[in-house]
Amino acid sequence: MSRFPQQIMIAALLVLSLMLPGCDGGSSNQSGTTPTNAGGTPARKMTIGVSLPAADHGWTAGVNWWAKQAMAEYPEIQWVYTTADKPEKQIADIEDMMVRGIDALVVLATESAPLTPVAKKVHQRGIYLVNVDRGFLEPVADVMLEGDNRAFGRKSAEFVVEKLGGKGKIVVLEGIPSTVNTARVKAASEVFAKHPGIKVLDSQPAHWNREKGLAVMQAYLAKFPKIDAVWAQDDDIALGAEQAIKEAGRSGEMWIFGGAGMKDIIKRVADRDPMYPADITYPPAMVAAGVHLAAAQVMHKDLTKAFDKLPKHLHLTKEQLAAPAGADSQRHIVLEVQLVTPENASEFYFPDSVY
């Protein structure tokens, strides 16, 4: 046989092998078959970006852990996952995702204001945008998923007032400049203002960070000879404040109300530690809900398809997922926050969790 017929036969066998299932080199879905479009050609994987703050404190470490758990449930989706310690890097990450091509984006902003312009770009390009926790300054997301931050501020402040019997001197340690911080501090301030016996000595940002909580509390302790309670709005801040209080030898003078449900603090509430009489929930697992919603949208165009995958302790309902968008064209999903006391602390204690 001449070499020319042999080459024709080899080519024909190669074409036939490429036509057999599993030999086309395309991406596979969970069933092991290759996704195809209407024309029968291999379809590309749907791509979702996830942009989160770096794990610089306990709550954001929990956020990153929950996001990875949720992403792992969708091997049929191509994930682009990034973390950033500053707004500039997060903006650059999102710009890069848009260049690479994504179908949806889940964002927990490092800061609200600087991330708003790039979020608008994402929206204008028709990329489905799920905004978790820290909102943008304009309603540009398709879904805004957050804890009830006004209730967080109000309920925690009401506990402080009641615990002090309506009279006492307190200091406030705020978070990162964002819609979350603004809502919490404003709601708490409104409660404190209704009680003339409560004097807020000072209010300074501690960026939801233990080291900054330590530094701010050290300054407060040097400035104010009498402090009855600390409203820290975050458990990482609270631990930094506690360190400063102990180092100053003033542990018996005051107590701390933090927030967000760190397992170590929940355990101390359960054990009736006088430094932490109560706490309030703000679960980092909310980012997992954001990931599941983005996946449900790109795969099914139906957010209710995510319901069975949502972490149960978030207490989200199918009705919340099915609710129509508001007047601003943004679907707003709000998680309830719960006051944690020694009586109910066991319900919110997860010893095996990251946070």
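In strand β7, glutamine 204 is the bridge partner of leucine 173. The model is predicted, so that local features need pLDDT of at least 70 and side-chain atom pairs count only at pLDDT 80 or more, while totals for chains, interfaces and linings use all residues. Residues are numbered from 1 along each chain as its sequence is written, and side-chain values use heavy atoms, with hydrogens and water left out. Strands β6 and β7 run parallel and are joined by seven bridges; two strands pair if DSSP finds at least two bridges between them. Helices (H or I, at least four residues) and strands (E, at least two) are DSSP runs numbered from the N terminus. Together with helix α6 (residues 179-193), β6 and β7 make a right-handed β-α-β unit. A crossover is right-handed if, with the strands pointing away from the viewer, the path from the first strand over the helix to the second runs clockwise.

Both strands belong to an open sheet of four strands, ordered β7-β6-β8-β9, with parallel pairing. β7 (198-205) and β9 (255-257) stand at the edges with a single partner strand each, so one side of each is left without a neighbour in the sheet. From one strand to the next the twist averages 20°; axes are lines fitted to C-alpha atoms, for helices over the stretch in contact, and angles run from 0 to 180 degrees between N-to-C directions. Strand β8 (residues 229-231) pairs with β9 in the parallel sense over three bridges, and tryptophan 231 stands opposite phenylalanine 257 in β9. Helix α5 (residues 149-163) packs on this sheet, touching β6 (168-174), β7, β8 and β9, where contact means heavy atoms within 4.5 Å. The direction of α5 makes about 160° with that of β9. Helix α7 (residues 210-223) also packs on the sheet, touching β6, β7 and β8, and its direction makes about 150° with that of β6.

A further open sheet is formed by six strands in the order β2-β1-β3-β4-β5-β11, with parallel pairing. Its edge strands, β2 (78-84) and β11 (331-335), each pair on one side only. Neighbouring strands are turned by 15° against each other on average, direction ignored. Strand β5 (residues 143-147) runs parallel to β11 and is joined to it by five bridges; glycine 147 has leucine 335 as its bridge partner in β11. Helix α2 (residues 58-71) lies across β1 (47-53) and β2, at about 165° to β1.

Grid points are joined across faces, edges and corners, and a volume is the space filled by probe spheres set on the points. One cavity of 30 Å³ or more is counted. The largest cavity has a volume of about 80 Å³, and residues lining it include His57, Asp133, Arg184 and Tyr282. The largest pocket holds about 370 Å³ of space. Its lining has 21 residues, of which Thr281, Pro283, His313, Phe348 and Phe350 lie nearest its centre.

Technical notes:
1 Å grid on protein atoms, 1.4 Å probe; cavity = no way out; pocket = protein on both sides within 12 Å on 5 of 7 lines; lining within 4 Å.
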